[in-house]
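Good morning. I will take a few minutes to walk through one chain, going from the overall picture to some details. Please have a look at it first.

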Amino acid sequence: EDFWDELVEEGQSLNPGIGMFTSLAIVLIFLAFVITLLRTITRHYNLRFYEDRDGFTLKAGLFNQRETALRKEKIQVVRWKDNPLRRALGIFVLQIRQATSGGSRHSDQVTIPGCQIEQVNDVVFSSFSGIDRVDYQEHGIDSAYLWWYFRYLGIVPLLVFAGLGIGHEEPRFIIPAVLVPTVVFFYLRAYYRRYRLKVDTEYLRTDSGVIGRTYHLMPIYKVQSVVVQQSFYQRRKHLADVILYTAGGSERIPFLPVAKAHALRDYVLYRVETSTESWM
């Protein structure tokens, strides 16, 4: 016992004070903010995004100005997202993904920060014909999504903190043992309740997210393949994930009833096989 007491005292005398750690954390946060700000300014300086006869053109950059052309027939996916701060300012980050033939990963996605919802709608309406006349059918995901992920994100931390509290006889571990599973439960509950799959005859859209929200839109006829996946847990619950692959990326729709997943797969494949429109 004397040996361990002396070791702890020596260790405490060598450790910097909490004030030093706090100061270091503040400096690191400030440096991260400055670096992010400089990167944003140099990348998006004098950003201009405009529509012409063939599609869209993006020009931006401070030291190295880049110019990216988007042809409307090559656009595969349009995604826009926000977070609490952006919602307060009324802005979104808009992402446009197009098919490329050269295998380059630098030109297949264009990101435009600071868009208002009117500007997002302008891009969507210009990119996809007939999108203003859609009549979506909305579908949710099963509540089993909550319980599946709560096992790992909620129960495991509960057992870890409870074990630490019992092993070290420290009541302070009760706080994270209760707090972490509670926060995870309500977050997952909000996620599965807010997740929406919206299907029209020509378009498919997903709305997801709790703190930050993401909206994903794609024309159905541009889907290249559809995969229905089931884990062991999902087979027991008669559920499945549907993954839609396009030339501009993929979209996973989790925890659908297996009959609905198969119906979605069959309809998407039917629209792809019967469509005469060019996907690129």
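**Overall picture**

The chain has 8 helices and 13 strands as its secondary structure. Keep in mind that this is a predicted model.

Let me start with overall dimensions. The C-alpha trace spans about 85 × 55 × 35 Å along its principal axes. The radius of gyration is 25 Å, whereas a compact globule of 280 residues would have one near 19 Å. The accessible surface of the chain is about 17500 Å², and 57% of that belongs to carbon and sulfur atoms. How many of the 280 residues count as buried? The figure is 33%.

Next, the contacts. Taking those with a separation of 6 or more, 49% are between residues 24 or more positions apart.

Now some strands. Strand β8, residues 196–199, pairs with strand β7, residues 137–139, in the antiparallel sense, over 3 bridges. In that pairing, Q137 stands opposite V199. β8 also pairs with strand β9, residues 203–208, again antiparallel, over 4 bridges. Here L197 has T206 as its bridge partner. What joins β8 to β9? A hairpin does, through 3 residues.

Last, the surface. There is a nonpolar patch of about 1200 Å², and the residues that make it include L24, V27, L28, F30, L31 and F33. Take L31, which sits in helix α2, residues 18–44. Is L31 buried, partly exposed or exposed? L31 counts as partly exposed because its relative accessibility is 43%, and that class lies between under 20% for buried and over 50% for exposed.

Methods
Residues numbered from 1 in each chain as written. Predicted model: local features only at pLDDT ≥ 70, side-chain atom pairs only at ≥ 80, totals over all residues. Heavy atoms only, no water. Pairing = 2+ DSSP bridges. Helix = DSSP H or I, 4+ residues; strand = E, 2+ residues; numbered from the N terminus. Patch = residues over 30% accessible without salt bridge, like charges linked within 9 Å, V, L, I, M, F, W, Y side chains within 5 Å. Areas by Shrake-Rupley, 256 points an atom, 1.4 Å probe, with all protein chains shown as cover. Salt bridge = Lys/Arg side-chain N within 4 Å of Asp/Glu carboxyl O. Buried < 20%, exposed > 50% of the residue type's maximum accessible area, 1.4 Å probe, protein only. Rg over C-alpha atoms; globule rule 2.2 N^0.38 Å. Contact = heavy atoms within 4.5 Å.
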